[in-house]
Amino acid sequence: MTEEKIGGIEQRDREIEVLIIAKNVLKKWWVLLICAVVFAIVAYVVTLQTYTPQYSSKISYAINARDYTSGNVIQSATDFVIAEYLSNTYSYIIVSKDLMDAVRSDVNRPNEPIERYVRTMLVENSNILQVVVTSDDAQLSYDIARSIIVHLPSYTSTAVKSGSVEVFEQPYKAQFPNADNRVLKNALLAAMAGFFLAAVVLYLVNYFRNTVLSATSLQNQGGINLIGIVPHVQPYKKGNKNSGNNKESVLITNKSAGFIFIETYKSMRTKLERLSKRDGIKTILVSSALENEGKTTVAVNLALTLTQTGKSVVIVEGDLRKPALHLILSISDKIDKTVINILNEEVDYKKVIIRPDGTKLDVLPSKGSVTNSAELLSRDSARKLIAQLKQDYDYVIVDTPPANIFTEASILTEFMDAAILVVRQDCATINMVMNVAYDLAQSKAELIGFVFNNVEDANVLPGAYRNKNYKYYYYGRE
């Protein structure tokens, strides 16, 4: 593979990782909503407590142009350009220091910068100049407006020769505070800020979890071989609610799994058969770093796929703490003796074997839970069992508890040929998987690689496409 192609895959993987993290953030929509609501409520309350009602009084002036020589109003009084020019002049005069000093004296506020209460604006496409006085005191706003009306003519008569102003609309004392959307505006802005902040925090939390989001990331950082990528398929529940066989699973024997899903396992089977011929591998341990990564389902599907080539295959329940094979394969009602009886040397393994309906797979199941699982598997009877099965079958698949939590996987690898690690997308951290891989690699068994399981996002590897009929993705090879 060329460097350019490798770079393209890595770039695509980074984009996929960002997308997965973003999807994880959106899955926590209720957290985003709560944060937005809390921020909005806090902003609403704070704004109400700190908000001071404002009252306005408004004066409307009509601006007229005047002839320089006669002093009469001329026809160009409606000229908008002249009106705009004059409005700027009058606006400056209104807030000038001399006029404001006179107003301050009238309203008895000698040291208050009342010019900050005054705002002027020219009504668009007109010769109307509006002067709005706004303060937290309705009487003060009204008094300032009245004082401006009194003093403005004396200042404009000498300063402006080419125009005049006439009061078009008298001010009045406000009876109610100004309409102000500040409270709602602040609440809305706070809600947006809360939503964004929560999204950023969730994104960072997911980012620093450092979970395995793409197969390439684990290959590059962990140096672990990739056996196959299993796409996400909507699971069905096997059995009925009252039978106890309602473990969610997706098996290749069920047609609803779809052609692509089945072919994925066939591709992995081919790799296992090649390794078996080359290295004589017959006994394979299947484990994962954490619970709920799908190791049991992967183990069962690999075993079922191997039987389809005419090979004799047995799958052994090695997870005695939380056995699941009997649930996935719907054989709970058929169990009489279990693996535990074999390890206690109470019965021959052939009397424990169960073959699920419609398959050619032999199963050594367990049921219930034991607290001394590690001790049982450490017995010489466990070693003898695997050795006998290796003689009687072409392949022996052993399902074990999560290797990052319990020691059973490490115990069993001492008399197994190979180990497979199941890694579910966005579940275990890269460090967890690497630690488990290191522990397995130190054992007698060969770590042949990992199965990237339950992959929901396309383009993790080249050649990805979506199967629209079954609503999942398949990842092919170039």
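Reader: How do you know that strand β12 and β13 pair, and in which sense?

Author: Strands here are DSSP runs of E of at least two residues, helices are runs of H or I of at least four, and both are numbered from the N terminus. Two strands pair if DSSP finds at least two bridges between them. Strand β12 (residues 418-424) and β13 have seven bridges, in the parallel sense, so by the rule of at least two bridges they count as paired. Within that pair, Val 422 stands opposite Val 451 of β13.

Reader: Before we go on, what kind of model is this?

Author: This is a predicted model, where local features need pLDDT of at least 70, side-chain atom pairs count only at pLDDT 80 or more, and totals for chains, interfaces and linings use all residues. Residues are numbered from 1 along each chain as its sequence is written, and side-chain values use heavy atoms, with hydrogens and water left out.

Reader: What makes β5 a partner of β13?

Author: Four bridges join strand β5 (residues 226-231) to β13, and the two run parallel.

Reader: Why is strand β13 called largely enclosed?

Author: A residue is buried under 20% relative accessible area, exposed over 50% and partly exposed in between (1.4 Å probe, protein chains only). Nine of the 10 residues of β13 (residues 446-455) are buried, so the rest of the structure largely encloses this strand.

Reader: Why is Asn 454 called buried, then?

Author: Asn 454 lies in strand β13. Its relative accessibility is 14%, so Asn 454 counts as buried. Asn 454 also has a positive phi of about 60°, although it is not a glycine.

Reader: And Asn 125: buried or exposed?

Author: Asn 125 has a relative accessible area of 58%, so it is exposed. This residue sits in the loop between β2 and β3. Phi of Asn 125 is positive too, near 60°, in a residue other than glycine.

Reader: Why is Leu 361 called buried?

Author: Leu 361 has a relative accessible area of 0%, so it is buried. Its place is in strand β10 (residues 361-364). Contact means heavy atoms within 4.5 Å. Not counting residues up to four places away in sequence, Leu 361 touches several residues, including Ala 303, Leu 304, Val 313 and Ile 315. Leu 304 is 57 residues away from Leu 361 in sequence, but their C-alpha atoms are 6.3 Å apart.

Reader: What makes β2 and β4 edge strands in the four-strand sheet?

Author: That open sheet has the order β2-β3-β1-β4, with antiparallel pairing. β2 (118-122) and β4 (163-169) each have a single partner strand, so one side of each has no neighbour in the sheet. From one strand to the next, the twist averages 30°. Angles run from 0 to 180 degrees between N-to-C directions, with axes as lines fitted to C-alpha atoms, for helices over the stretch in contact.

Reader: How many bridges join β1 and β3 there?

Author: Strand β1 (residues 55-65) and strand β3 (residues 128-135) pair over eight bridges, in the antiparallel sense. Ser 56, for one, has Thr 134 in β3 as its bridge partner. Helix α5 (residues 138-159) packs on this sheet, touching β1, β2, β3 and β4, and its direction makes about 20° with that of β1.

Reader: How much of the protein chain is buried overall?

Author: Buried residues make up 49% of the 478 residues in the protein chain. The chain has 15 helices and 15 strands.
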